[in-house]
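Open the model in your viewer and keep the selection tool handy.

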Amino acid sequence: MKKKKRINVASRLLPVLFVFLLLSLQIFAQSDARKITGRITDTKTGLAIPGATITVKGHNAITDSAGKFTIMAQTGETLVITHVGYNTSDIKVGNGNTLNIELDIRSGTLDDIVVIGYGKVKRKDLTGDISSISGNELLKTQPTTFEQGLQGKVAGVIVQQISGQPGGAVSIQIHGISSITGSNSPLYVIDGVIIPPPSDPGDGSGSNPLNSINPSEIETIDILKDASATAIYGSQATNGVVVITTRRGSISAPQISYDGYLANQQLAKKLPTVNLQQFATVLNARGAVWGFDIRPQFANPQYLGTGTDWQKALFRNAPTENNTVAVSGGDARTQYMFSTTYFDQEGIALGSDFKRYSVRLNLDNKTTNWLKIGTSLQLVHIDESVNATASNVIQTALSMTPDISVKNPDGSYGGVTNTAGWVNAIANPVGLTAINTDEKHRNQVFGNVYAEVQFTKDLSLRNELSGNFDFNTNNTFTPAYAFGKDVNSISTASYSYGQNFYTVVRNYLTYNHHFTNYTLNALLGQEAQLSTFQNVAAGRSNFPSNDVQSISSGDATTATNSGTFGTGTAIESYFARINFTWNDKYLLTGNIRRDGSSVFPANNRWATDYSGAFSWRLSDEEFLKSVKEINELKLRVSYGLTNNQNIPGNTYTAQLTTAANGLSGNAQYQTNLPNPNVTWEQTNTGNVGLDGTFFNWKLNFSFNLYNRLTNGLLLQLPLPLYSGTTTGYSPGALNAPYVNIGSMSNKGFDLHIGITGFSNKTFIWKTDFTISHNANKVLSLGSGGNNANLSETSGISGQTDVWEKTVVGQPIGEFYGYIYDGIFAKASDFRTHALSANSAGIPYPVQQSGGIWYGDRKYKDINGDGIIDSRDETFLGSPIPKVQLGFGNSITFKGLDFYIFFSSNIGNKILNTLSVTQNNPQNNTNYFTSVLNYANVAEINPENGNASDVNNYYVTNPKTDIVGLRNDNTNYNTRPSNLYIENGTYLKCKNITLGYTFPEDVMKKAHLHTLRVYMSVVNAFTITKYTGMDPEIGSWNPLQAGWDYGYYPQPRMMTAGLNLKLSK
Amino acid sequence: MKKIFIYLLALSTVVNLWSCKKSLLDLPSKSSYDYTTFFSTQSALNQAVIGTYSTLLHDGLWAREYYYIFDLLGDDAKKTTNLGSDLVQLGSYNFNSSQTEVGELWNSLYRMIFRANVVIDRVNAWNPDSAALYPQLAKQYIAEARFLRSYAYFNIVNLWGAAPLITSYDSVVNNHYFPRTPAASIWAFLEGDLSSAIPDLPVAYDSATDLGRATKGAATALLGKTYLYEKKWNLAQTTLAQLTQAPFTYMLDPSYDDIFSPSNQNSPENIFHIMNAAWTSWGIGNQYYMFGGQETWGGTATHSDRAQEYGFNDWWNTYITTRAVNAFHYPNPADGVTPYVDPRAYSTFYGTKASGGDTVYCEQCAGGKISYPFNAADPQGDYNWRKYEYYNLVASFGGPQSSIGGQVIRYADVLLMLAESYIQQGDFGGTPMGLINQVRQRVGAVPYTTLGANQTSAMNVLMLERQLELCGEQSRYFDLVRWGIAQQTINSERAVEPGDGTQPFQPKNVLLPIPDVEKDYNPLVASEINNDWN
């Protein structure tokens, strides 16, 4: 009932408002305009400013090379003069016909326009916590996708690449993690179109819808962080909002530009796998202990070569190219921006590439003096090959032994033919990339159309209709093959088609008025969103040959198909905002938004988000005005409540499954236990910020301190009575209900400092520094408590173990296991150190076979009970960085520009699963060279000693952490321990760029406007103790973050490119 | 001015169109049926009822584990070296609350209750347009659900005593954790459920389509059994006696072997039994569905793997115990002195001629019959199961695919329970003796001429008769526990069992441990468990 009433009120209210406001409409009378001429110059230098735009109602003009212009205007009208890099100037037309206007170079950022939800403000009027970066800034790191470019640039935002695969996604966490089951991804809004965050790609092969945006088309990115900034976007914005504004045309002559680069990528770090000699040495030594015959060909390892380097075989130097041509311009009525792109990136691992073709048109038209319409429209086509990730070839290449050749002399792919010495037959990774197919193709259309009605100077109405339509296919083919003893006898193929439609209608009124001492800005709006998806998939196996791969050519009796009409979500919203500024000193913002979501049952469908913020421009107070060193100082305080709704639809009602049944017909049973009371997750956010600019705009900083508390955390409550999931396979298991239990807090701070270290006419040096810190803590998991089934297990060590746990009092998803305490190296170790015990608590015997022996690992007896069992496990650190840093320097000297940028993660842990297998001499695939340092057990008295006497042995290299060669794992040496949980701290030189802009006079002769050429290195070097390929490991799932399974590393990329603008 | 008006008019129309769609926020799933809307037809409700029956074939229940658990606990069966380690724990009584099969049994019984509650909830909400057509069916569906729910609670209250009592779908949706309810309340609930189910159940179903569903007789028999277990002897007697009269037409199957044969689903003796059907091909489902594939691996397979799992020429996981074999040897009832071998020995196990067991198999095979290869050197005593096997038809099954339905309650059981109810009321004369002899005469066993001089001797006769008649039918463990002689009987039997010699039954074993699957997640139950057991 409540909801119904609300709709009625709103729909009745709007027309009433319109009528009321119409009464105050002014009718613009046309009268005599006359010709005004003038010249525009730089205040400081006095030099002419060519290319500046002068607009007055209905007319516009551009200054010529002498800074001169002519325009039609009448007395009392205002000329607005704009030019890039200068403050905008408003000049009232007096009685004269000539005007000489001086423009100030824009210093500081106070007049920068910042996008807030459904509107824009000048930075000086901002009350919320919003960081902005410009498209130019973004492009400095040459990101494949725009999110990659955000790393280290925005304070308070932790950005980590999830996969180095071309087009691969990154995870972005703004002010921490607020949800366990829901998404922690921010809301992405591109020209008003909401783009769904990347779906969990699991192995990294999932599609990233954000990679369809060409970074070079981006004008600015604004990141809304605190509740006062995000609440206007409502329930989808709990984790912050990333607002992307693409370039639009301006009033100018046509500007044609070309941006392009060519790049070469390479593997930045190779892992130390053993070569053939070393492999033979290990295998021989192992064979001697295990008691099998060594391979005759390994008898003399010193005569062997180095064998196959599988990393060298799999990774390649891969080219990338990017070409963008853009045309923009416009007159007073119509402005346009048209851009077309071709981007092609080969992956450094065989079997991966990414191509993007896109066309964008941004159009604005002032149709009448009260109506403006426009559109942003982008068409994209993407081709991706994700075979490398899907076939897991990086891990395979690290596991493949060096005695195997990539190809046999007859041209076929090599494989393990000799498994003597207990070596497993695994697939040839190079062969897999060559013969497997895993391609994704995507066509995406997104765009919006808008109409803006200007009722009065102060009051306008904007109507928007936007959509994102995504059509995608995925086809896979695994042929029958035989790589030595690794045989796949059945070929399989699958093909799937999916489409995701998202549409939104939004209408809002904006009122903006300057009173004598204060300014009032108000917003009132309504929005409706609908998102749906559908897919269909088919598969067959047993293809008669590998030549024809279409589904129909497979064995018809193996055909499978499936399809769903996704439930989707619908959201209806009403929102309002008031910004109130008094004397330019005290700024107040209030937001309220009411969202109704289809995800929740009718009784809990509606939620209210609200926030308030207060800003105080201290620098405008009398007592600071006189302090010359302070240009601006602003204190911000905000508080708000946002609601999160990220759970699947329909969990409030029970869904059924039809099962064939032999009893007497079909059975119908429930697949989930509904929670009819499921409701919104609520996040309270408090934020205190201080912004300042000092020393003649040379130093600016922005500091934020925040505290986010999420209550009513949505979790699937594990219930035993019916779910049965705890006993393995279970028939008719029910999905546990989503229940609002638990709470979690995120506290942190972030700081951005910008310094113009030095500047004069020819030399400018700027430094930017960001630091972000967040501490996450689970406060409660409701009645499920620590048994809430949030442990992450893995079988990487040979048994199913818990490696990561989420419990009350700790941060989400901490690593968990034993603490390594050296190896058993001397006889006294067995007496003085606790031994691991069986489930009954009885220690294993000290013996070579079926017991604990020299070269086994010792673990810390944390509870001091004299045995090692699961009670000695403890928390081993969090995969979430404690601090992320960004540090950039740019130097301009005459035409030369130089840029260097570092990013750094500090204090996170990584689970290196490769070291579990590859550092273990008991493993039956390839090894890292560290295995050569296995614990070497020797007899103290080889001649006369008793071979069964424990006291007759010792380990010759007691400092090693590699276990001995014994064929016995009673001690379970590969158990989860801090040996595999590595320090993930790193410092990466993300980018070094050197560019040169040709002087203007040279350009003029060449009939060009500007030309800049540059060279850069991306991911130039990384300083880290982490032993895997790349310490930057993002994750979608906060419960299972920081797992390196043979992660696709980010390449080092060498680039040469140019930016070209043709004048006129 | 006018233009703006037109614009606004058009706009407000659009806005109104959009927001007038009140249904916008109701997005029912297009991928699966919804609980609230699906059950609006007779056939849909029937599918929910069938979904409840299908839990009978889930893990822990009659798909596989049920007969292992109670044959091993009740000392009818013992392990061979082939038996899996989980099940070995049951036989040696050294399990704890993490025991896998016990946990599965608990889960599946509560799943059966859950689905029964769904049926009752939805039928009550059902508002058919043609209500007049189906009132009887609506009542029947509820009654069937009540029967199955009672079957589950009967097991729960006997095996665990106090346990969560969940009586409606709604309560499980609104209540996440249920405390233990005293056993007496569960017994009372059971009585009520069965009493209200009986009038609404048909005496028989269409044998072509609905065989295996709960009948009026099944509910009556379970109610009688309930009274008997509660020691409400008179109520047990009057309830069970109804089954011997019209409208019921139950009779003992002339052939004892037929009750455990592939054609046993049409036996006139069946009161409630599990509708196992032969596995014919992978097209009907996975041959190994009983290892957890029920409803998750697809298909309509409902076969039993008991024949293969117990069969001496197949997986051979269990022997029949020599104590059970020995029970078939007792003094001839005619004189009370002469050694006598009960004829049911032949039908129950393979062994030596002296043991009374069958000594040949493959009687109906093309190649002719084969001698059972009794291994006299086997220290375990090489007696193996014949009941529920079909080695008369084939030498080896070659796969788990038996169509022999599981007997839950059959008429002979009812007659013996009825006899017991008389004896317990002090009548150990002709009436109970007649009932016992009725069961004996079907197999040609010598009838009793007296049940002895007192109630105790009559009960001894009755107890032996139940042991023999229902050997390998998961009755023994329940009987021993309710008679209060489980510890003494099992320990004394195990003490002399070849290859055993243990006395494993401890006082706590009269109840099963509350499984970890419950206590780890239900704090209210966990707080009421003593000594990590029950």
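Start by selecting α7(B) and α9(B), which cross in a left-handed way; that is, the near helix is turned anticlockwise from the far one by less than a right angle. Helices here are DSSP runs of H or I with at least four residues, and strands are E runs of at least two, numbered from the N terminus. This is a predicted model, in which local features need pLDDT of at least 70, side-chain atom pairs count only at pLDDT 80 or more, and totals for chains, interfaces and linings use all residues. Residues are numbered from 1 along each chain as its sequence is written, chains are lettered from A and ligands numbered from 1 in the order in which they are written, and side-chain values use heavy atoms, with hydrogens and water left out.

The helices cover residues 135–160 (α7) and 183–197 (α9) of chain B, and their axes come within 9 Å and cross at roughly 155°. Those axes are lines fitted to C-alpha atoms over the stretch in contact, with angles from 0 to 180 degrees between N-to-C directions. The pair is therefore roughly antiparallel, the word for angles over 145 degrees.

Now show side chains. Residues of α7(B), including Phe147(B), Tyr153(B) and Phe154(B), meet residues of α9(B), including Trp187(B), Phe189(B) and Leu190(B); contact means heavy atoms within 4.5 Å. This contact has 12 nonpolar, 3 polar and 3 charged residues. Ala, Val, Leu, Ile, Met, Phe, Trp, Tyr, Cys and Pro count as nonpolar, Asp, Glu, Lys and Arg as charged, and the others, Gly among them, as polar.

Next, select residues 233–241 (α11) and 411–424 (α15) of chain B, whose axes come within 9 Å and cross at roughly 145°. This crossing of α11(B) and α15(B) is left-handed. Look for Trp233(B) and Leu240(B) among the α11(B) residues that meet α15(B), where Met417(B) and Tyr422(B) are among the partners. By class, 8 residues in the contact are nonpolar, 3 polar and none charged.

Move to α10(B), residues 216–229. How many of its 14 residues are buried? The count is 14 of the 14, so α10(B) is largely enclosed by the rest of the structure; buried means under 20% relative accessible area, exposed over 50%, and partly exposed in between (1.4 Å probe, protein chains only). After α10(B), click on Lys231(B), whose phi is positive, near 60°.

Finish at Gly398(B), in the loop between β9 (384–385) and β10 (407–410) of chain B. Gly398(B) is exposed, at 67% relative accessible area. Leaving aside neighbours within four places in sequence, Gly398(B) is in contact with Gln308(B) and Asp314(B).

Key
Parallel < 35°, antiparallel > 145°, perpendicular 65-115°, else oblique.
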